[in-house]
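Hi,

Here's the structure I promised to pass along.

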Amino acid sequence: MLEPDTTTAAAPREQVVGRLTALLTRMLKPTEPVTERTQLMDELGLSSSLALELLLELEDELEIQIDVEDLDEDRMTTLGDLADYITANSTPR
Amino acid sequence: MRDTVRLWVLSATAGRRELARCVAVLDPAERARAAALGSPSLRDRFTVAHGALRLLVGRAVGVAPGDLTWTRGRHGKPTLTGPGAGPHTSLSYSGGLVAVAVSAGRAIGVDIQHPAPGRDPAALAARFFDPREARLVADAGDRAARQARFTRLWTRKEAAVKAAGARLWPHLALPVHRGDVVTVGSAGSYRLTDVATGGAFRVAVALAGEAPYAVEPAGAGPPPTAEPLTLTDVLCSDGSMLERSTAPRGHRC
């Protein structure tokens, strides 16, 4: 499998990680700090409907469009996994 | 004769004693998942949901709740295997409520959803739903009406996708606003039913195939005043929950 080409990504991965961390902290108010290793569903209890809100917020903030066609729970186990997916599957608006 | 779906909607909160009885029937993987959740309310809800599922299904099939096993399909759909195999089960939780649904012979999906207080649902529908559904949400008077329409559509999509064992994300644009029979990719047709609940929660059920079926909510009085069941009802009942109408709360067992 090819590594995502982060040089041409619509948003750099670090920026995606930063915004996801801030948005999840605001939306779910977790007691522990959110990191790349935080498990979205199994630790934060992120539901699919909240995930939908999260993606739209992120799209608006970073002015990107995320292609959700290949998104799956397996690809959003941790914050880092979701950041990988978004970095590889987004286009600028 | 029409197929029947048994549906239980119950409160996700429970007392210490009831929670302990739920923990006792969970398998090690479920206990580990509960323990990993980051807040007591999330842990309790998970424990009540999975405990109630085991207690209710175990009673329905005559198997000890702790002996039930499920295997997960490619996209996470659980299928009952082992000693209780046969019926199809589905579980959903949102906010402070849990929904458990059981069908004898047809694959099932249930979804319960409380409108989220976050973004205006018109923007979410415009971005992710079929354009006709997006218009339907946007055209609903005030924000509460938009939330209600969005949440109804959302539960119908989730229920259909869960029954099909498919992925949610590629099916967000699946139109579910017209007619109750929908086709989920190559998985076939599913018949949807909206179930009335008290308050702002929405519940939808999907069953494989186009044939009509009945949904029998357990223990509920006429909506919208019906209170959800509690774990105490589940633990103290034969499964019908009819005791609720004959015995005062707190004196059943």
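Before the notes, one term: a salt bridge here is a side-chain nitrogen of Lys or Arg within 4 Å of a carboxyl oxygen of Asp or Glu. Between chain A and chain B the count is three salt bridges. In one of them, the side chains of A:Asp60 and B:Arg119 come together at 3.0 Å, N to O. Do keep in mind that this is a predicted model.

On the contact between the chains: 24 residues of chain A and 22 residues of chain B take part. About 2,100 Å² is buried between the two, with carbon and sulfur atoms giving 55% of that. A:Leu52, A:Glu53 and A:Leu56 supply 29% of what chain A buries against chain B, more than any other three residues.

There are also 14 residue pairs in polar contact between chain A and chain B. On chain A's side, helix H2 (48–62) and strand S1 (64–66) each bring at least two residues to the contact. H2(A) has the largest share, 10 residues. Sorted by class, that side of chain A has 10 nonpolar, five polar and nine charged residues.

Now the cores. The largest nonpolar core has 54 residues, and A:Leu20, A:Leu55, A:Leu82, A:Ile86 and B:Trp169 touch the most other members. Helix H6 of chain B (residues 143–164) gives the most to this core, eight residues. Leaving aside neighbours within four places in sequence, A:Leu82 is in contact with residues including A:Leu20, A:Leu55 and A:Arg75. Apart from that core lies another, of 27 residues, B:Leu10 and B:Cys236 among them.

Cheers

Notes
Residues are numbered from 1 along each chain as its sequence is written. Chains are lettered from A and ligands numbered from 1 in the order in which they are written. This is a predicted model: local features need pLDDT of at least 70, side-chain atom pairs count only at pLDDT 80 or more; totals for chains, interfaces and linings use all residues. Side-chain values use heavy atoms; hydrogens and water are left out. Contact means heavy atoms within 4.5 Å. Buried area is the accessible area (1.4 Å probe) that two parts lose on being put together, summed over both. A polar contact is a pair of N or O atoms within 3.5 Å; within protein, one must be able to donate a hydrogen and the other to accept it, and residues adjacent in sequence count only if both atoms are side-chain atoms. Helices (H or I, at least four residues) and strands (E, at least two) are DSSP runs, numbered from the N terminus. Ala, Val, Leu, Ile, Met, Phe, Trp, Tyr, Cys and Pro count as nonpolar, Asp, Glu, Lys and Arg as charged, and the others, Gly among them, as polar. A nonpolar core is a set of buried Ala, Val, Leu, Ile, Met, Phe, Trp, Tyr and Cys residues joined through side-chain atoms within 4.5 Å. Buried means under 20% relative accessible area, exposed over 50%, partly exposed in between (1.4 Å probe, protein chains only).
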